[in-house]
Amino acid sequence: MTLEKVLLMGFLLLGISIFAGEAKGLDETCTPQTGGAADECAVTNSECKTDKCVCKDGFIKENSACPKALDQTCTDTNECVTNSKCDGEDGSKTCTCNDGFFIKEGLCSKDVDGIDCGTETTACDNIGNAVCDTEAGKCKCKPDYVMNVAKCDPKNAASTIGFGAMSLALLLSTASFVLF
């Protein structure tokens, strides 16, 4: 047997002993490893914790990847979540949402009125109380609703809640006055 074949066999055996299982994706069941051995989780920036492949601290699950979470230190926009940028002064740059996007569950989402729908009348159906403005090609809130970042709220929701609370307070104070 030649030296090259011996080395090749050694590398193959080493590979098998380090990584005996099949590569696992996020949320798949895994077996935590000890002694610095590589775990079964194949996604970059993921690890096996409590028998499941998850993103490491400082990273967040986005589809099947683990990019850097918002407000984490970065050197390049490609490290960050979709629709964000690596922004700030050199040495203290962090991942932040692009203009026109806001933080929703750790990811960058677009405002309702910035979502393209083209001429698809059902493209905005997953946003409560929104419809597609086919002339503008963007989602907008239905009549009597106003945009509240990622959703459409009733126009008078705040004043109704405020009035309801004031009515309750007046009712309770009147009841107290009558009882005492």
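**Close-up views of disulfides and salt bridges**

**View 1. The disulfide of cysteine 80 and cysteine 95.** Cysteine 80 is buried in this predicted model, and cysteine 95 is buried as well. A disulfide joins cysteine 80 to cysteine 95, with an S to S distance of 2.0 Å, and because the torsion about their S-S bond is about -75°, this disulfide is left-handed. The pair links distant parts of the chain, since cysteine 80 sits in the loop between S2 and S3 while cysteine 95 belongs to strand S4 (residues 94-97), 15 residues apart. A search of the whole structure finds 9 disulfides, among them this one.

**View 2. The disulfide of cysteine 30 and cysteine 48.** The sulfur atoms of cysteine 30 and cysteine 48 lie 2.0 Å apart and form a disulfide, which is right-handed, with 100° about the S-S bond. Distant parts of the chain are linked here: cysteine 30 is found in the loop between H1 and strand S1 (46-49), and cysteine 48 in strand S1, 18 residues apart. Cysteine 30 and cysteine 48 are both buried.

**View 3. The disulfide of cysteine 41 and cysteine 53.** In this view cysteine 41 and cysteine 53 form a disulfide, with their sulfur atoms 2.1 Å apart, and the link is left-handed, with -90° about the S-S bond. Because cysteine 41 lies in the loop between H1 and S1 and cysteine 53 in strand S2, the pair ties together parts that are 12 residues apart in sequence. Cysteine 41 counts as buried at 11% relative accessibility, and cysteine 53 is buried with a relative accessible area of 1%.

**View 4. The salt bridge of glutamate 79 and lysine 68.** The structure holds 7 salt bridges, and one of them pairs glutamate 79 with lysine 68, whose closest N and O atoms are 3.2 Å apart. Both glutamate 79 and lysine 68 lie in the loop between strand S2 (52-55) and strand S3 (84-87), so the pair ties together parts that are 11 residues apart in sequence. Glutamate 79 counts as partly exposed at 23% relative accessibility, whereas lysine 68, at 19%, counts as buried because the cut-off for buried is under 20%.

**View 5. The salt bridge of aspartate 116 and lysine 138.** A salt bridge brings together the side chains of aspartate 116 and lysine 138, at 2.6 Å from N to O. Aspartate 116 lies in the loop between strand S6 (107-110) and strand S7 (130-133) and lysine 138 in strand S8 (residues 138-141), so parts that are 22 residues apart in sequence are tied together by the pair. Aspartate 116 is exposed, with a relative accessible area of 54%, whereas lysine 138 is partly exposed, with 30%. Elsewhere, salt bridges that share partners join Glu47, Lys49 and Asp57 into one network.

**View 6. Confidence along the chain.** The mean pLDDT of the protein is 75, and 73% of its residues reach 70 or more.

Methods. Residues are numbered from 1 along each chain as its sequence is written. This is a predicted model: local features need pLDDT of at least 70, side-chain atom pairs count only at pLDDT 80 or more; totals for chains, interfaces and linings use all residues. Side-chain values use heavy atoms; hydrogens and water are left out. A salt bridge is a side-chain nitrogen of Lys or Arg within 4 Å of a carboxyl oxygen of Asp or Glu. Helices (H or I, at least four residues) and strands (E, at least two) are DSSP runs, numbered from the N terminus. Buried means under 20% relative accessible area, exposed over 50%, partly exposed in between (1.4 Å probe, protein chains only). pLDDT is the predictor's confidence in each residue, from 0 to 100. A disulfide is a pair of cysteine sulfur atoms within 2.5 Å.
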